[in-house]
Amino acid sequence: MAARRRGSAVTMENRYDFAFDHRYARLLGLLGIRPDTSYVLVTDDALRVRFGRWEVATPLSNVTDVRVTGPYTAIKAIGVRMSLADRGLTFGSGTREGVCVRFREPVRGSDPLGLMRHPGLTVTVADCAGLADRLRRHATSG
């Protein structure tokens, strides 16, 4: 956790790094998805996720549900994936576990024009329990 000054206010932010499975690191690296370009950042009022060149940003007030899920199969979890069943987005760097975040208002994230909106995002971070706990403190029923 780090303190950042924004104007006259001090905000707290937590950074959560992705858990890169060595079996998929080379493939992900070809897409620009590396440990230095991939993280989840939670501030006092926002959730920001970067996964290579893909990004999702939304106010914490948009988070309605948070769950730790997994394990996953590689075909459903590695890379940038969109579920055909519910349009949920996955930023996956491993198959062990991840955090599924649901939103009141769907978010942009999978296409460069922002035309596709996603009702949920799953991220495979190293500290799933820590991220889930941090987001649950702000989740609102929707």
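In the hairpin of S4 and S5, 2 residues lie between the strands, and glycine 52 takes a positive phi near 65°. Strands (E, at least two residues) and helices (H or I, at least four) are DSSP runs, numbered from the N terminus. The model is predicted, with local features needing pLDDT of at least 70 and side-chain atom pairs counting only at pLDDT 80 or more, while totals for chains, interfaces and linings use all residues. Residues are numbered from 1 along each chain as its sequence is written, and side-chain values use heavy atoms, with hydrogens and water left out.

**Strands S3, S4 and S5**

- S4 and strand S5 (residues 54-59) run antiparallel and are joined by 6 bridges; two strands pair if DSSP finds at least two bridges between them.
- Strand S3 (residues 38-42) also pairs with S4 in the antiparallel sense, over 5 bridges.
- S3 and S4 form a hairpin that has 3 residues between them.
- Arginine 50 stands opposite glutamate 55 in S5, and tyrosine 39 stands opposite arginine 50 in S4.

**The five-stranded sheet**

- An open sheet is formed by 5 strands in the order S6-S9-S10-S8-S7, with mixed pairing.
- Its edge strands, S6 (63-69) and S7, each pair on one side only.
- On average, neighbouring strands of this sheet are turned by 20° against each other, direction ignored; axes are lines fitted to C-alpha atoms, for helices over the stretch in contact, and angles run from 0 to 180 degrees between N-to-C directions.
- S7 pairs with S8 in the antiparallel sense over 4 bridges, and methionine 82 stands opposite leucine 89 in S8.
- Helix H3 (residues 128-136) lies across S6, S9 and S10 and runs at about 160° to S6; contact means heavy atoms within 4.5 Å.

**Backbone details in the loops**

- Glycine 70 and proline 71 are joined by a cis peptide bond, with omega about 0°.
- Proline 71 is in the loop between S6 and H2.
- Arginine 87, a residue other than glycine, has a positive phi near 65°.
- The loop between S7 and S8 holds arginine 87.

**Aromatic pairs**

- The count comes to 2 aromatic pairs, where rings of Phe, Tyr and Trp (its six-membered ring) pair if their centres lie within 6.5 Å, and planes under 30 degrees apart count as stacked, over 60 as edge-to-face and the rest as tilted.
- The rings of phenylalanine 18 and phenylalanine 51 have centres 4.8 Å apart and planes at 40°, so this pair is tilted.
- Because phenylalanine 18 lies in the loop between strand S2 (9-17) and helix H1 (22-30) and phenylalanine 51 in strand S4 (residues 46-51), the pair ties together parts that are 33 residues apart in sequence.

**Pocket**

- The largest pocket has a volume of about 360 Å³.
- On a 1 Å grid over the protein atoms alone, a pocket is an open set of points with protein on both sides within 12 Å along at least five of seven lines, a cavity is a set where a 1.4 Å probe fits but cannot get out, and lining residues have an atom within 4 Å of a point.
- Grid points are joined across faces, edges and corners, and a volume is the space filled by probe spheres set on the points.
- Of the 16 residues that line the largest pocket, Lys76, Ser83, Asp86, Gly88 and Thr90 lie nearest its centre.
- Two or more lining residues come from each of helix H2 (74-77) and strands S7 (79-82), S8 (89-92), S9 (98-107) and S10 (118-123).
- The lining of the largest pocket divides into 7 nonpolar, 5 polar and 4 charged residues; Ala, Val, Leu, Ile, Met, Phe, Trp, Tyr, Cys and Pro count as nonpolar, Asp, Glu, Lys and Arg as charged, and the others, Gly among them, as polar.

**Cavity**

- There is 1 cavity of 30 Å³ or more, and the largest cavity has a volume of about 30 Å³.
- Val40, Leu47, Val49, Val101, Leu121, Val123, Leu131 and Leu135 line the largest cavity.
- S4, S10 and H3 each supply at least two residues of this lining.
- By class, the lining of the largest cavity has 8 nonpolar residues, no polar and no charged ones.
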